[in-house]
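Have the structure open and follow along.

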Amino acid sequence: PASTYLPSPASTYLPSPATPDMGRQETSDSWTGSLSVPGSGGAYEPLLDKAHQPSKLVGRALFSCIAAATLALLMFAGQIQSELPRSGAAPRIWNPDLRVEFSTEPAAKTIIRKFDGYNMARGGRDDARTFDANVDQYMAPNMVYESVGFGNWKTPHGWAKGEEHNYGMAFPETVFTQMLFFGDEEIATTTTYGKALWKGDLFGVKAPKQWVTLRITDFYDIPKDGTGRHRIRYNFMMIDWADVMRQIGKPVLLPSVLPEGLVLPPSANDGVPAPLSAVVQAEGRDPWQARKLVEKAWRSDWAGEGSARDHWDKEMTFYGPAGIGLAKGVETYDKHVLAPFREAFTNRTVEKLYSCCEGNYCALLGEVRGAAVGNWLGLPSKGKKVAIRIAWHWRVDASKVQEGWMIIDFPGLFQQLGLDFYVMAAEGKSLASVSATL
């Protein structure tokens with residue numbers, strides 16, 4: 001999902017005489033990955049279905065209502081005329097008009113900021129031809145979109161169907177708060193929470209029609225392509241669905257001994273989302289030192305046996321996913337996060353898929369593999385080999401890791417253990433019922 005970045009009032013379209021008519025992509029939009037996900041097929045739809053758009057607030061006074069409605073109609077009529085593309089004219093390209101403070105951001109981060117600016121300002125409003133031309137500025141024609149929940153897709157139109165449309169149908173009203181947003185010249189990442197109104201049925205779960213908090217992470221691979229532009233080649237998106245189900249009274253995981261549900265931005269004055277690139281650059285924060293530290297911590301924590309105090313500050317904070325929870329202090333992290341995992345799995349190894357650092361902030365999307373010698377978090381894992389996909393983010397300071405954020409692909413892990421996370425959620429079943437049969 002897009003961030004809360006809002007373009008400045010000067011944002012507008014730029015003429016693009018050289019932009020060809022992209023038309024619809026002829027290649028297949030959907031694909032099947034190694035793990036099955038709920039079906040997300042269907043014909044191309046607008047990014048925001050009008051039936052699910054937020055209602056407008058009206059004043060109490062009748063005169064105010066009539067005046068506002070009349071003005072709105074006049075403005076809307078003029079807007080329609082101004083936004084309709086002239087016959088034969090080239091599609092208009094949105095100019096996000098970024099603040100000067102963002103002008104020195106790494107290439108991958110810049111692409112995501114500009115794309116978010118377009119998506120927030122024009123999502124669901126542009127005709128297909130204009131949408132294609134604008135998205136082409138940021139997404140490669142053969143991009144791959146992989147998600148936990150909304151399917152795996154190819155092409156920008158696949159992304160639109162997989163994420164934008166399906167998400168919008170379930171959560172028509174959302175306010176996103178990016179907590180972390182950073183990157184380098186080719187990789188960018190975000191970790192976000194959204195306050196969302198769950199209003200449409202999803203995964204077979206009846207819409208609870210209540211506000212929920214969505215923990216979300218994205219990783220983007222944005223290399224420079226044959227056109228000389230940085231464009232999104234791969235996007236991975238994961239929501240902590242186990243935490244969402246917990247909030248609506250349909251917990252699939254067993255409750256954690258640690259507090260669940262709270263996730264906060266960094267406890268540092270580095271901006272929200274953190275970090276502000278201009279400050280990182282002005283202060284000369286070293287991404288290579290940060291990378292060395294977090295990768296040592298990552299390997300030691302999940303593949304090793306050492307104490308977390310070797311790499312984490314004693315007053316550290318760890319924002320774990322549902323089932324694990326919030327750990328404050330290195331002793332709590334050792335006892336309630338690492339120890340249960342290490343006791344449940346042997347022959348543990350880690351594999352890095354995508355990673356990036358900007359200043360003292362680092363992120364990694366990877367897998368932890370192991371052979372289970374016991375059950376973990378109530379899952380019937382004993383006797384099975386698994387590969388657990390996990391997203392990590394860290395803030396480093398004074399040669400120690402100060403804060404960490406983590407989300408786990410629990411639906412994928414459930415599948416490896418012969419369980420269907422989404423079916424269990426729809427039927428109101430938890431691991432407590434599974435554990436009772438073991």
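Two strands count as paired if DSSP finds at least two bridges between them. Keep in mind that this is a predicted model. With that cut-off in hand, strand 7 (residues 210-221) and strand 8 pair up, running antiparallel over six bridges. Strand 8 itself covers residues 232-239 and also pairs with strand 3, so let's take these strands one by one, given what counts as a pair.

- Strand 3 spans residues 139-148 and is mostly covered, with seven of its ten residues buried.
- Strand 4 (residues 152-154) lies antiparallel to strand 3, and the two are joined by three bridges.
- Within that pairing, Tyr145 has Trp153 of strand 4 as its bridge partner.
- Strands 3 and 4 make a hairpin with three residues between them.
- Look for Gly149 in the turn: its phi is positive, at about 120 degrees.

**Strand 3 meets strand 8**
- Here the pairing is parallel, and it runs over six bridges.
- Met139 sits opposite Ile232 of strand 8.
- Tyr145 turns up again, this time with Asn235 in strand 8 as its bridge partner.

**Strand 8 and strand 7**
- Strand 8 is mostly covered too: seven of its eight residues are buried.
- On the strand 7 side, the sense is antiparallel, and Asp221 has Tyr234 of strand 8 as its bridge partner.

**Handy when you look at side chains**
- In a regular strand, side chains alternate between the two faces of the sheet.

Conventions: Residues are numbered from 1 along each chain as its sequence is written. This is a predicted model: local features need pLDDT of at least 70, side-chain atom pairs count only at pLDDT 80 or more; totals for chains, interfaces and linings use all residues. Side-chain values use heavy atoms; hydrogens and water are left out. Buried means under 20% relative accessible area, exposed over 50%, partly exposed in between (1.4 Å probe, protein chains only). Helices (H or I, at least four residues) and strands (E, at least two) are DSSP runs, numbered from the N terminus.
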